[in-house]
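Work through the exercises below with the model in view. Each task is followed by a solution in steps.

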Amino acid sequence: MKAIATIMLRDGVLDPQGDAVRRALDHMGFAGIEDVRQGKVIELALSGNDPEQARRDVIEMCERLLANTVIESYRVEIEECGRP
């Protein structure tokens, strides 16, 4: 089983890395990009066969370590046998 945690800065939190990427893309000639938000994706290979328990475990991981929940939000996806 695989879990994917997608962690992004919350709305309203400044994202200097995203701003730098947006400016660089603009300088490279890519027009029409109004905003860029940069985050992180963490993939976890999990043993076990209970997707609901896996989801609860990864949520706890995000709450305790993977995400700074003051300024970041997260989304958890669980894939079983290669299926999302």
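**Exercise 1.** Find which side-chain polar atom lies 2.7 Å from the backbone nitrogen of Asn68.

Solution. The polar atom belongs to the side chain of Glu72. A polar contact is a pair of N or O atoms within 3.5 Å; within protein, one must be able to donate a hydrogen and the other to accept it, and residues adjacent in sequence count only if both atoms are side-chain atoms. This is a predicted model, in which local features need pLDDT of at least 70 and side-chain atom pairs pLDDT 80 or more, while totals for chains, interfaces and linings use all residues. Residues are numbered from 1 along each chain as its sequence is written, and side-chain values use heavy atoms, without hydrogens and water.

**Exercise 2.** Decide whether Glu72 is buried or exposed, and list what Glu72 touches.

Solution. Leaving out residues up to four places away in sequence, Glu72 touches Ile7, Met8, Leu9, Arg10, Lys40, Leu66 and Ala67 (heavy atoms within 4.5 Å).

**Exercise 3.** Locate the buried residues of H2 and what they pack against.

Solution. Ala54, Val58, Cys62 and Leu66 are buried in H2. Seen down the helix axis, the buried residues fall within an arc of 80 degrees, so they line one face (the arc of the directions from the axis to the C-beta atoms). They pack against strands E1 (2–9), E2 (39–45) and E3 (72–79).

Conventions: Buried < 20%, exposed > 50% of the residue type's maximum accessible area, 1.4 Å probe, protein only. Helix = DSSP H or I, 4+ residues; strand = E, 2+ residues; numbered from the N terminus.
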